[in-house]
Amino acid sequence: MSLSPFPHIDFRTLRNYDFQCLNKIPNSRFDVKFSNKFRQTTRTITKAQGSSCIEVRGVEYRAPGTHHNLLQNINFSIPERSLGLIFGKSGSGKTTLLQLLSGLSKPTSGTICIQRYRSNDGSPIEPPESLSPNRVGIVFQFPERYFVADTILEEVTFGWPANTSREQLALKLQNAFNSVGLHNISMEESPHNLSGGYKRRLALAIQLVETPDLLLLDEPLAGLDWKARADVVRLLKHLKKEVTLLVVSHDLKEFSGLVDHSWKMEMGGNLREEPLPFYK
Ligand SMILES: Nc1ncnc2c1ncn2[C@@H]1O[C@H](COP(=O)(O)OP(=O)(O)OP(=O)(O)O)[C@@H](O)[C@H]1O
Ligand SMILES: [Mg+2]
């Protein structure tokens, strides 16, 4: 069964990224009824003048049915368009924190918000806005394991809301694919045939289509060869100019050249700011 929302399209016409041809699709073809957390739609917000930070204040988390907190009084903030890195031992709570930030689970206490600051004097604009899960993209560890479609186009448009206009769709796809350097790949290609690095690019493009305020990446280099790892690091260095990134990784050396802020998650779920070691 085809998962394509565009079953009538000859995908060969998209070989050279002729996104114009998407304009020929009648709106009814966008009637894709399902969506899930891997394909969450996000909404672009107009950035107010001044700067903003994603701020996590006093967040604690206890899994349902358990008696101890997995995360303890987490406080940190990430300025917009910067890259934050969280590292720490296996089982310390890094992925649990990303799940809270993405809205997959709810904190037991504390807040996750966007705080805006005035451009003239840097003072906070009150009240802070709570960070909607719709504005957060998440790329899970080994995202290629969740690919479900037969073509790249189907994969990236899977779960899109029915009311997306053809023009919006064409433009958003083009922007996302340009951002991750996927413009030379045929959209009729199977996502499973891509190289490891290109699969990660596709996973990023899927999340970038709706320009999230925050993009979370859980172990983005895991399982890649050295060339693909360097490729993804280069890509993230470029992407942080466009979107705020929070990365969980054990690969401190590879990220050291692009990290703006870093934190260590201690066993038991305590997060503290810690600069990365200096690497030559
Ligand atoms: N739903 C749950 N109920 C109870 N305990 C849980 C639940 N989810 C996760 N945990 C526990 O929370 C702790 C943190 O898990 P988490 O996956 O966040 O760690 P991590 O830092 O991402 O580890 P890794 O580096 O191996 O990915 C672990 O001890 C895990 O067993
Ligand atoms: Mg983890």
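This is a predicted model: local features need pLDDT of at least 70, side-chain atom pairs count only at pLDDT 80 or more; totals for chains, interfaces and linings use all residues.
**A tour of selected backbone features**

R81 counts as partly exposed because 15 C-beta neighbours lie inside 10 Å, a number between the limits of 12 or fewer for exposed and 20 or more for buried.

Next, select E219. Its position is in the loop that lies between strand 7 (214–218) and helix 5 (226–239). Is E219 buried, exposed or partly exposed? E219 is partly exposed, since 17 other C-beta atoms are found within 10 Å.

Now move to E126 and P127 and display the peptide bond that joins them. From E126 to P127 this bond is cis, and its omega is near -10°. To place the proline, colour the model by secondary structure: P127 belongs to strand 5, which covers residues 124–130.

Finally, zoom out to view the whole chain. The chain contains 6 helices and 10 strands. Of its 280 residues, 35% are buried. What share of the contacts in the chain between residues at least 6 apart in sequence join residues at least 24 apart? The share is 74%.

Notes: Residues are numbered from 1 along each chain as its sequence is written. Chains are lettered from A and ligands numbered from 1 in the order in which they are written. Helices (H or I, at least four residues) and strands (E, at least two) are DSSP runs, numbered from the N terminus. Two residues are in contact if their C-beta atoms, placed from the backbone, lie within 7 Å.
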